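Here is a short walk through one protein model. Keep the sequence and the 3D view side by side as you read.

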Amino acid sequence: MAGLELRGIRKDYGSTAVLKGIDLSIADGEFVVFVGPSGCGKSTLLRVIAGLETVTAGDIRIDGAEVTQTAASDRGLAMVFQSYALYPHMTVHQNMSFALENMGIAKAEISSRVERAARMLRLTDYLQRRPAALSGGQRQRVAIGRAIVRDPKIFLFDEPLSNLDAELRVATRKELAALHAEIGGTMIYVTHDQVEAMTLADRIVVLNGGRIEQIGSPLELYNRPANLFVAGFIGSPRMNLLPTELVREETAGPAATLGIRPEHVEPCAEVDADLTVRVDLVEQLGGETFLYTSADTGGPNGLPLTIRCDGQSRLTRGDLLPVRLRRDHLHRFDATGLACRPDPILARSPS
Ligand SMILES: Nc1ncnc2c1ncn2[C@@H]1O[C@H](COP(=O)(O)OP(=O)(O)OP(=O)(O)O)[C@@H](O)[C@H]1O
Ligand SMILES: [Mg+2]
């Protein structure tokens, strides 16, 4: 396994700049997740690392060795895509061993690698089946197995679970986490799924418009987003953003915008309230409830405010609710969208 260094990576397609200077160091054995809006360059960056795209500028090092001009097949990486592209006429065993045979690896070694991967991915009972006789989750595990047997320096995953239904996603996500724990490989993983990003990543890289907005552990990004983009992107439902003057006792200082997550807005007695909101929509999830509300700001549209409550709520559309914003969980952003530092949240250990 190996570490990865990206320095000043730029990628243009014609006159369109897609990657605008990416600097990133990934340690040996790290699980790094790329997130960002559609079109921000996640797949392009992964393909650049894989060697499936050339760079316009910058350099790539794997374990200290420069590979920027090295062909994909000589980089020693393995990529797993969203569409698993198994060979339909081959069994699971053949799908996993095919590339190794082409590499001239001895039969006994191939069998031992395939069996080990099959055991890790719980595919042992399916080795003689063809892909058509497998579920979507099993097929995707075969695609992952095909990557494992190659013993790559780095695993690259581009939304590998996005074609699976919710239950299979959860099951396969757990298998990936267990796999990483077992083989300890360096893994780079692209996803749109907040839960996958939060649960799998050692570090998350938030991309936006071909640049890195922030790099950090999942809870660092959640607790201390560096700017409004990351604040709005990490966390579901999104962080609420409010003008400073709406909050009682808040002295504006350098802050132009306040952020507060839905779990940090609390229904309270009217005398303690920062705001009174009107309930627009109630989403009962059983164990928790999301209230989509709006605060009357005098304008034609109220200011939207999402509130998370534990358990089940008796509130219904149209109800008025006094709420308080927990001071120890307020995020402050300046007029340019950067988090104001020092930030009280920095001083607080995650609870
Ligand atoms: N071969 C290409 N030629 C021209 N433009 C391209 C090419 N490949 C990608 N792009 C553009 O580069 C940008 C980034 O694409 P990319 O596939 O990396 O996005 P992404 O972050 O993976 O998005 P998604 O989340 O939708 O998969 C997009 O605007 C896309 O249209
Ligand atoms: Mg993509």
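In which sense do strand 14 and strand 17 pair, and over how many bridges? They pair in the antiparallel sense, over four bridges. Strand 17 covers residues 320-325. To see one point of pairing, find Arg-278, which stands opposite Leu-320 in strand 17. Bear in mind that this is a predicted model.

Strand 14 has a partner in strand 15 too. Strand 14 spans residues 275-284, and strand 15 spans residues 288-295. Seven bridges join the two, and they run antiparallel. Val-279 stands opposite Thr-293 in strand 15. Leu-281 has Tyr-292 of strand 15 as its bridge partner.

Now follow the chain from strand 14 into strand 15. The two strands form a hairpin, with three residues between them. Look for Gly-286 in the turn. Its phi is positive, at about 95°.

Five strands make it up, in the order 13-17-14-15-16. The sheet is open, and the pairing is antiparallel. Strands of a sheet pair through backbone hydrogen bonds, in either a parallel or an antiparallel way. Which strands stand at the edges? They are strand 13 (265-267) and strand 16 (303-310). Each has a single partner strand, so one side of each is left without a neighbour in the sheet. From one strand to the next, the twist averages 45°.

Next, turn to the loops.

Start with Pro-237. This residue sits in the loop between helix 8 (228-233) and strand 11 (240-243). The peptide bond leading from Ser-236 to Pro-237 is cis, and its omega is near -5°.

Move to Asp-63, in the loop between strand 4 (57-62) and strand 5 (65-66). Asp-63 is not a glycine, yet its phi is positive, at about 50°. Is Asp-63 buried or exposed? Its relative accessibility is 51%, so Asp-63 counts as exposed. The cut-off for that label is over 50%.

Finish with Arg-122. Its loop runs between helix 3 (107-120) and helix 4 (136-149).

Terms used: Residues numbered from 1 in each chain as written. Chains lettered and ligands numbered in written order. Predicted model: local features only at pLDDT ≥ 70, side-chain atom pairs only at ≥ 80, totals over all residues. Heavy atoms only, no water. Pairing = 2+ DSSP bridges. Axes fitted to C-alpha atoms, helices over the stretch in contact; angles between N-to-C directions. Buried < 20%, exposed > 50% of the residue type's maximum accessible area, 1.4 Å probe, protein only.
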